[in-house]
Amino acid sequence: MWKVFPALVVGWMFVWTGLSAGESFRWGLQAGLLVPASPDLKLTTVSGLDASLGARLEWGSYVNQTLRLRLDREQFGAGRQIKDSPTVHQEIDTRVHDESLGLEQLFHQERWFLGLGLYGIRWTVDSTNRLSTPTGTFSPSGSSRWTRAGVGLLVGRRWNANLGAEFRFVASRYGQENQPTRVASLNLIWTY
């Protein structure tokens, strides 16, 4: 994640000039539901809704544009792959989660907003590979981690100054093979 951090700082400085002096900082929390939207991520997780939590720091107005720094944690359900052959039965259990640090630029139109984001994402995959053969059972396990850049598109609506919702779509990559990942989430936002 720290390799991507300089790009986030440069992005912050680039859009800093577009915000007016005197606009205040606000902080907030979000909780949401997410679904994997790419084939490889669907293979290593369970189908269905998963959970995400996060915190954010915003600067700007709700009239024009807002700059948002956000920290997210996403947890996917455990996946299982089963493969059988005449001599080997294999079960691969995987648990995937990620933490991300991102910078988003939001553009407001009344209560609606549209945003673009750049993220540093730290993917973690915990796996257990159970092999059953005529000579016995083996269960090697381990954890793998990768830090990748991600880009996002989001759209949302505020009901008032403190409460809102957003839909976010993030594209990234993970794994030794650099497989594409896509995650869609719906978040409820509290801003203070």
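Let's start inside. The lining of the largest cavity has seven nonpolar, six polar and five charged residues. One thing to keep in mind: this is a predicted model.

Staying with that cavity. Its volume is about 110 Å³. In total, 18 residues line the largest cavity. Nearest its centre lie Tyr 62, Phe 113, Arg 158, Ile 189 and Thr 191. Which elements build this lining? Strands S2, S3, S5, S8, S9 and S10 each supply at least two residues. S9, which runs 163-174, gives the largest share, with three residues.

How many cavities of 30 Å³ or more does the structure hold? Two.

The largest share here comes from S6, with three residues. By class, the lining of the second largest cavity splits into five nonpolar, one polar and three charged.

The largest pocket has a volume of about 270 Å³. Its lining counts 15 residues, and those closest to the centre are Thr 44, Val 125, Trp 146, Gly 175 and Glu 177. Where do the lining residues come from? Helix H2 (39-44), strand S6 (112-133) and strand S8 (141-158) give two or more residues each. S8 provides the largest share, four residues. The pocket lining divides into nine polar, four nonpolar and two charged residues.

Now the surface. Look for a nonpolar patch made of Phe 25, Trp 27, Leu 29, Leu 57, Leu 69, Trp 159, Leu 188, Trp 190 and Tyr 192. Together these residues have about 860 Å² of accessible area. Strand S1 (25-36) and strand S10 (179-191) each supply at least two of the patch residues. The largest share, three residues, comes from S1.

Trp 190 sits in strand S10. Why does Trp 190 count as partly exposed? Because its relative accessibility is 33%, and partly exposed covers the range between the 20% cut-off for buried and the 50% cut-off for exposed.

S10 supplies at least two residues of the nonpolar patch. S10 also supplies at least two residues of the lining of the largest cavity. That is the tour.

Technical notes: Residues are numbered from 1 along each chain as its sequence is written. This is a predicted model: local features need pLDDT of at least 70, side-chain atom pairs count only at pLDDT 80 or more; totals for chains, interfaces and linings use all residues. Side-chain values use heavy atoms; hydrogens and water are left out. Patches are made of residues with over 30% relative accessible area and no salt bridge: like charges are joined within 9 Å, nonpolar side chains (Val, Leu, Ile, Met, Phe, Trp, Tyr) within 5 Å. Accessible areas come from the Shrake-Rupley method with a 1.4 Å probe; for residues, only the protein chains shown count as cover. A salt bridge is a side-chain nitrogen of Lys or Arg within 4 Å of a carboxyl oxygen of Asp or Glu. Buried means under 20% relative accessible area, exposed over 50%, partly exposed in between (1.4 Å probe, protein chains only). On a 1 Å grid over the protein atoms alone, a cavity is a set of points where a 1.4 Å probe fits but cannot get out, and a pocket is an open set with protein on both sides within 12 Å along at least five of seven lines; lining residues have an atom within 4 Å of a point. Grid points are joined across faces, edges and corners, and a volume is the space filled by probe spheres set on the points. Ala, Val, Leu, Ile, Met, Phe, Trp, Tyr, Cys and Pro count as nonpolar, Asp, Glu, Lys and Arg as charged, and the others, Gly among them, as polar.
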